[in-house]
Amino acid sequence: MGDILNDNLNYIKNRWPGLFSKLERHKRNVTKVDYIERENQFTLRVNGKQLTSLYDRDKEARLQVGSLPENAEEIAIYGFALGDALAQCVSKSTYKIRQYIFSIDTFLYALKIINYIPIFSDEKLELIYADQAHVISTPFIVSPVCVSEADSDCINFRDEVQVALATPFIRKKFAESSEMHLEQISLNYKHIEMDADISELYSTYDGNTVVVGAGPSLDSLYSKIKSYQENGSIVVAADSAVKPLMKQGIEPDYIITLDANKSIINRLLDIELINQLTKAKLIYFPVSSEQVASNWNFRRYCAYTDFSIYDELRKKIMHSNLFVSGSVIHPAIDLAVKLGSKQIMLAGCDFSFPNNKSHADGIIVQNNNVVSHPSRREIINGRSEYVYTLPNFIVYLRDLERYIKLYKPGHVNFYNMSRDGAVIAGVSYSDGI
Amino acid sequence: MAYDELAKRGHLIANHFRLGFEADGNDALASLIDEMLDELQMLSKKVGGIYLNRILGNIIEAQQKADYIYIADIIEYEIFG
């Protein structure tokens, strides 16, 4: 076994010295890898997950390779697994192959048991560690377990690959809810016609804004938010955060609502809560649940997004866009930016489950079963610890990071008020100010 | 639902997992399990009642561990093989 590993490593050392030095420097056994077999087939189990089929690895690889277009000039394989898909690509095709490695422990185990030199010697092949990869190249295929069990150095690119895989499903689900959205557009029409455009608020303020989401870290931030507001900061709150804020005596200046689902919104922003407000302005979208706009006692602003569902409406009534990519946090932050805020403090924007909680205390919509959730993932928080998250949270987070990248530090500065939630690239911590 | 139709859907779910489309796979798996429970008598004759109970339990346990390739193998080779 040692000979196979050494032969494979020597070949890599000669052809890809940069990769070889990463293999050498890697701290071993971070990932738990076990060998399993059944009749004449074998595979590995990586952190308790089966790496490939234990019945027919060739068939599985044919399925993966068969999903690639035949006329591709270059393809990417994300995750090495046991090299079955790579072997088929090398033997059958003329395209260039970029094979990305996500888990060095898994890769080294494979190098120990299979002689890959006939495959590695193919001139079309480039072998790359995924730590430096940023942009998804298409077409691609994946070894799902290699990607999900990525080394910590490859976590950002893991998320990119998983977002790319999840996007068609998210789009399909969004299209399925279009009936509910169209119903809300029709019900909201009278408000959309009458209400102020969101752009009336643009460039009206150049101070500090606190954007409040309903993540668990909010529990420890009320006194800080209150102090910011007392000192002149504006508070922009997601609909889900209003109830706990009001309970702590903090009335937001602006409240943003996005969800079309009446049963959820009725629990977050019920009539009793709306009637407790004394000044808060509402920002809603045509797809937002109409009951909220109907019950609102103060000024309302309508905003669109760049989604095609508004194309017809846009021809009749013009409203300006706010950035939305699945979460109500996105338009809340975009509003804070467009108001003209120079400094934006994020509270309860966790994109994860700190202490295995989904929301701050006092929010009725709780999902605290993340530990046993089949799609759970791990992500790094502000203390460099792993916290659980879900794929949709990762999608929201990465889209927010792309948005934040548009604003250079100095023009708008973003700060996270808590280290409990996921690290957000481009956002500093307020405890470091 | 006929066995062939259930098998077709089972194989599709297995393919989703093998290609990394976990959200699609999980979404379809939930309704497949519901329908398999509805058709338990018919499936038990094909697969064996006690065995079917055990592997359905294995699927649920594997789903909690996000062990999707194992689930794909169970569906493709052990239930609808």
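Hi everyone. Let me start with one definition: two residues are in contact if their C-beta atoms, placed from the backbone, lie within 7 Å. With that in hand, please keep in mind that what you see above is a predicted model.

So, how many residues does the contact between the chains take from each side? It takes 24 residues from chain A and 19 residues from chain B. On the chain A side, the elements giving two or more residues are strand 3 (49-50), helix 3 (57-66), helix 7 (144-148) and helix 8 (155-176). Sorted by class, that side of chain A has 13 nonpolar, eight polar and three charged residues.

Let's look at one place where the chains meet. Two packed helices are described by the angle between their axes and the distance between the axes. Helix 3 of chain A packs with helix 1 (residues 3-19) of chain B at about 75 degrees, and their axes are 10 Å apart. Helix 3 of chain A and helix 1 of chain B are therefore roughly perpendicular. Which residues meet there? From helix 3 of chain A we have Glu60(A), Leu63(A) and Gln64(A), and from helix 1 of chain B we have Asn15(B), Arg18(B) and Leu19(B). By class, this contact has two nonpolar, two polar and two charged residues.

Let's stay with helix 1 of chain B for a moment. This helix has 17 residues and reaches 24 Å from its first C-alpha to its last, close to the 24 Å expected at 1.5 Å a residue. Its buried residues are Leu6(B), Gly10(B), Ile13(B), Ala14(B), His16(B), Phe17(B), Arg18(B) and Leu19(B). What do they pack against? Their partners are helix 3 of chain A, along with helix 2 (22-38) and helix 5 (68-79) of chain B.

Helix 3 (residues 40-47) and helix 4 (residues 49-64) of chain B pack at about 105 degrees, with axes 7 Å apart. Helix 3 and helix 4 of chain B are therefore roughly perpendicular to each other. Leu43(B), Ser44(B) and Val47(B) of helix 3 make this contact with Gly49(B), Tyr51(B) and Leu52(B) of helix 4.

Now over to chain A as a whole. Chain A has 17 helices and 18 strands, and its C-alpha trace spans about 75 × 45 × 40 Å along the principal axes. Of its 433 residues, 43% are buried. Among contacts in chain A with a separation of 6 or more, 68% are between residues 24 or more positions apart.

One helix in chain A deserves a look: helix 9 (residues 178-194). Where does helix 9 of chain A bend? The bend is at Asn188(A), by about 55 degrees. Asn188(A) is also one of the buried residues of this helix, with Gln184(A), Ile185(A) and Ile192(A). These buried residues pack against helix 14 (290-295), strand 13 (300-302) and helix 15 (311-316) of chain A.

Last stop: Arg419(A), in the loop between strand 17 (413-416) and strand 18 (428-429) of chain A. Arg419(A) is partly exposed, because 17 other C-beta atoms lie within 10 Å, and 20 or more would be needed to count as buried. Leaving aside neighbours within four places in sequence, Arg419(A) is in contact with Asn381(A), Gly382(A), Arg383(A) and Tyr429(A).

Terms used. Residues are numbered from 1 along each chain as its sequence is written. Chains are lettered from A and ligands numbered from 1 in the order in which they are written. This is a predicted model: local features need pLDDT of at least 70, side-chain atom pairs count only at pLDDT 80 or more; totals for chains, interfaces and linings use all residues. The bend at a residue is the angle between axes fitted to the seven residues ending there and the seven starting there. Helices (H or I, at least four residues) and strands (E, at least two) are DSSP runs, numbered from the N terminus. A residue is buried if 20 or more other C-beta atoms lie within 10 Å of its own, exposed if 12 or fewer, and partly exposed in between; C-beta atoms are placed from the backbone. Axes are lines fitted to C-alpha atoms, for helices over the stretch in contact, and angles run from 0 to 180 degrees between N-to-C directions. Angles under 35 degrees count as roughly parallel, over 145 as roughly antiparallel, 65 to 115 as roughly perpendicular and the rest as oblique. Ala, Val, Leu, Ile, Met, Phe, Trp, Tyr, Cys and Pro count as nonpolar, Asp, Glu, Lys and Arg as charged, and the others, Gly among them, as polar. The expected span of a helix is 1.5 Å times one less than its number of residues.
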